[in-house]
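The following note is intended for a colleague who is meeting this structure for the first time. Please read the numbered points alongside the sequence and the model.

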Amino acid sequence: MSDSEDKRRSTPGYEPASSPYDQPTERLGHDTSSLPRTDDDLDGSSRSATDGTRATEKIPTYPGPSTSSDDTATRAYPVSDAAPSSYGTAATPSYDSAATSSYETAATPEPVAPATPVEVKERRGTLDLGLLILRVSVGAIVLVHGLQKLVGWFDGPGLSGFQDVVSGAGYEQARLLSILGAIGETAGGALLILGLATPLAGAAVLAVMINAWLVRQVAEPGLQFFAPTGVEYETLLALAAAAIVLTGPGRIAIDGGRGWARRPFVGSFVALLIGVGGAVALWVLLNGADPFA
């Protein structure tokens, strides 16, 4: 202590000013020997004696939903309506199911009804004109021959003369066959010209031409093809009738508005089989001669 301080203290009435540092800020009324004095003591005193983990902060646990009567699960956060989040505890937002449903309904596009198909007109070019020429040509030739046999027109033999031809060709039931043959040619030719019931008309003409082919073939020994003694004429008419059955009459016909008339398929094939099968059955059952002998 300096001399100046001793002089002030010796002066009567002098008292030194009080300072907050003259007295300790905290008084300990218990034994301070157990307080940690080093970093190691501080670290050791902050560890749990049971599990060895640092007990700097203890988070209370609460019982959660139990999976059994003896097992009680615990949670690491208090039981509340809020779920733990990395940003803190926030209440779980609730959504109105009616509002969500209305949103989904509004967001879902309504099904669109398929558009009514527009019928596109077929581009057939000169196909219908070609079918008309083929149909009228074959029908007219067959019609003329049918009228020769049926009524004797165009210097024809008539029905009685045709019956003699059928009988001489070896057919049984010549009278019936002559009537059916004359009517088949006449009606078939007329229907082909009109384009009416074309598959059946073509099948009838085909059956008559097949039998005419067989009669002509039996009349001359061996296979004769070229006219006037061969089967050239009958072959041409038979193939033309088969083509008309398969192709249909086209648009320029009474049946032109029907689908099978423009796009024939199964029905025309069946009609073709009926014509061929009927002609072969008629020859086998009522004649029986070998046309290739």
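1. Accessibility classes. A residue is called buried when its relative accessible area is under 20%, exposed when that area is over 50%, and partly exposed in between, using a 1.4 Å probe and protein chains only. A197 is partly exposed, because its relative accessible area is 29%.

2. Basis of the note. The model is predicted; local features require pLDDT of at least 70 and side-chain atom pairs pLDDT 80 or more, while totals for chains, interfaces and linings draw on all residues. Numbering starts from 1 along each chain as its sequence is written, and side-chain values use heavy atoms, with hydrogens and water left out.

3. Overall composition. Helices (H or I, at least four residues) and strands (E, at least two) are DSSP runs numbered from the N terminus. The protein chain contains 10 helices and four strands. Read from the N terminus, the order of elements is α-α-β-β-β-β-α-α-α-α-α-α-α-α. Of the 293 residues in the protein chain, 24% are buried. Contact here means heavy atoms within 4.5 Å. Of the contacts in the protein chain between residues at least 6 apart in sequence, 52% link residues at least 24 apart.

4. Helices α4 and α6. The axes of α4 (residues 127–151) and α6 (residues 174–194) approach within 7 Å and cross at roughly 150 degrees. Because of that angle, α4 is roughly antiparallel to α6; angles over 145 degrees count as roughly antiparallel, under 35 as roughly parallel, 65 to 115 as roughly perpendicular and the rest as oblique. Axes are lines fitted to C-alpha atoms, for helices over the stretch in contact, and the angles, from 0 to 180 degrees, are taken between N-to-C directions. The crossing of α4 and α6 is left-handed, that is, the near helix is turned anticlockwise from the far one by less than a right angle, whereas clockwise would be right-handed.

5. Residues of the α4 and α6 contact. Which residues meet here? On the α4 side they include R135, V138, V142, L143, H145 and L147, and on the α6 side they include I183, E185, T186, A190 and I193. The contact of α4 with α6 comprises 13 nonpolar, five polar and three charged residues. In this scheme Ala, Val, Leu, Ile, Met, Phe, Trp, Tyr, Cys and Pro are nonpolar, Asp, Glu, Lys and Arg are charged, and the others, Gly among them, are polar.

6. A182. This residue lies in helix α6, and A182 counts as buried because its relative accessibility is 0%. Leaving aside residues up to four places away in sequence, A182 touches G146, K149, L150, L159 and F162. A182 and F162 are 20 residues apart in sequence, with their C-alpha atoms 8.3 Å apart.

7. Helices α7 and α10. The axes of α7 and α10 (residues 266–286) come within 8 Å and cross at roughly 30 degrees, in a right-handed sense. Among the residues that meet are P199, A203, L206 and N211 in α7, and S268, A271, G275 and W283 in α10. The contact of α7 with α10 has 14 nonpolar, three polar and no charged residues.

8. Where is D255 found? D255 is in the loop between α8 (232–247) and α9 (259–262). D255 is buried, because its relative accessibility is 3%. The side chain of D255 reaches the backbone nitrogen of A197 at 2.5 Å, a polar contact, meaning a pair of N or O atoms within 3.5 Å, of which, within protein, one must be able to donate a hydrogen and the other to accept it; residues adjacent in sequence count only if both atoms are side-chain atoms. Beyond residues up to four places away in sequence, D255 also touches T198, P249 and W260, among others. T198 is in helix α7 (residues 198–219) and has a relative accessible area of 0%, so T198 is buried. L192 and I244 are among the residues that T198 touches.

9. Backbone features for checking. D155 is in the loop between α4 and α5 (158–168) and counts as exposed, because its relative accessibility is 80%. The peptide bond from A227 to P228 is cis, with omega near 10 degrees, and P228 is in the loop between α7 and α8.
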